[in-house]
Amino acid sequence: MSRTTDLTEPLPLPRPETAEGKPRRIGVEIEFSGLTEAQVARILVKQLGGSAREEKRGHWVVEGGGMGDFEVYLDSQPLERLDHDGVGGQIRDLARAVVPVEIVSDPLEVPQIAEFDRAIQALREAGAEGTGTGVLSAFGVHFNPEVVSTDYADVMPVITAHALLEDYIKRVAGTDFSRRVMTWVAPYPRALVDRLAAEKPPATMDALIDTYLELAPSRNHSLDMLCLFAHLDEEKVAKAVDMELVSPRPTYHWRLPDCRIDEKGWTLATEWNRWVLVETVAGDADLLERLCAAWRDHRDALTSIRLDWSYRVERMLQGAGLCDL
């Protein structure tokens, strides 16, 4: 019997296929501590099948289990350069309290998120620790949903919907304090939200990329658009940001600000369903326009704080029957 039957089910995307008619896939990255890379790899094999091999010291690959490959490694380039024995090994072991082990999946189909959650349960039971274990435990979860297409008409509503929903999503998700006070996942600048929600927003993909690079030229946002924009115009993006950690690809890079793997009942599906809300709002042109107008009204007020805006969004989502997503 599947152990995922009592877990949250991942919702389908409102537009489940690409413009070419292929199922959209999602890459998943999850960071946590409490276990070694080898322990994590063995648990993935037990739960998802396949076999594990150490591709190089400390870098494991789990393959052949029917869900594509998974990479497991300590998420620090400086630590990767250290020896795994002697002093280098001791430093790596000490660093595990603040440097996460990371699992990176091959692109998954949406229903496979539920199968991944089976492994999450097992990792939790084995002692995996998330963001709540310490103020410096800045671990996160990243989803990389494939875009419907790279056309402006398909991308612009998504980034706009996320910009308008971000404060609401963070509030209802109960973002961990360590992620709020640190700078790993900063909210979109209000100036960017103003431009996206304006009566005359950027009208072409080139203008959208220019606006983003002008006002939010960083990977450290919940919806990091640099991967997609670099896929479209790598030269332009490279002039504005350091490309060392930017991987050009036709996906959104949605960076959840914390990982709660050690909390009973926490699932990837719960977090994924918040992204489905973003795309659902993006696909409702009337609701999106009303949210844009509400943002402009909010910004015209004498005071305009993010908490007030998050509650206003909640009321509008309730009116649209979307708060249960």
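Predicted model: local features only at pLDDT ≥ 70, side-chain atom pairs only at ≥ 80, totals over all residues.
**The big picture**

Let's start with the whole chain. The protein contains 13 helices and eight strands. Of its 325 residues, 51% are buried. If you take the contacts with a separation of 6 or more, 74% of them link residues 24 or more positions apart.

Nonpolar side chains tend to be buried together in soluble globular proteins. In this model, the largest nonpolar core holds 91 residues, and I30 and F116 have the most contacts inside it. Which helix gives the most to this core? That's α5, with 10 residues.

Have a look at F116 while you're there. Beyond its neighbours within four places in sequence, F116 is in contact with V28, I30, L44, M67, F70, I103, S105, L108 and L268.

Helix α11 covers residues 268-282, so to speak a run of 15 residues, and stretches 22 Å from its first C-alpha to its last, close to the expected 21 Å. Is α11 largely enclosed or left open? Because 13 of its 15 residues are buried, α11 is largely enclosed by the rest of the structure.

Two packed helices are described by the angle between their axes and the distance between the axes. Here's how that looks for α5:

| Helix pair | Angle | Axis distance |
|---|---|---|
| α5 (residues 152-173) and α13 (residues 306-319) | about 95° | 8 Å |
| α5 and α8 (residues 205-215) | roughly 30° | within 10 Å |

So α5 and α13 are roughly perpendicular to each other. On the α5 side, the contact uses L164, L165, D167, Y168 and R171, and α13 brings residues including W309, Y311 and L317. By class, the contact of α5 with α13 has eight nonpolar, one polar and four charged residues.

**A closer look at R195**

Finally, find R195 in helix α7, which spans residues 190-196. Its relative accessibility is 33%, so R195 counts as partly exposed. Leaving out residues up to four places away in sequence, R195 touches P201, P202, T211, E214 and L215. Take L215 from that list: R195 and L215 sit 20 residues apart in sequence, and their C-alpha atoms are 9.5 Å apart in space.

Conventions
Residues numbered from 1 in each chain as written. Heavy atoms only, no water. Axes fitted to C-alpha atoms, helices over the stretch in contact; angles between N-to-C directions. Helix = DSSP H or I, 4+ residues; strand = E, 2+ residues; numbered from the N terminus. Parallel < 35°, antiparallel > 145°, perpendicular 65-115°, else oblique. Contact = heavy atoms within 4.5 Å. Nonpolar A, V, L, I, M, F, W, Y, C, P; charged D, E, K, R; others polar. Expected span 1.5 Å × (residues − 1). Buried < 20%, exposed > 50% of the residue type's maximum accessible area, 1.4 Å probe, protein only. Core = buried A, V, L, I, M, F, W, Y, C linked by side-chain atoms within 4.5 Å.
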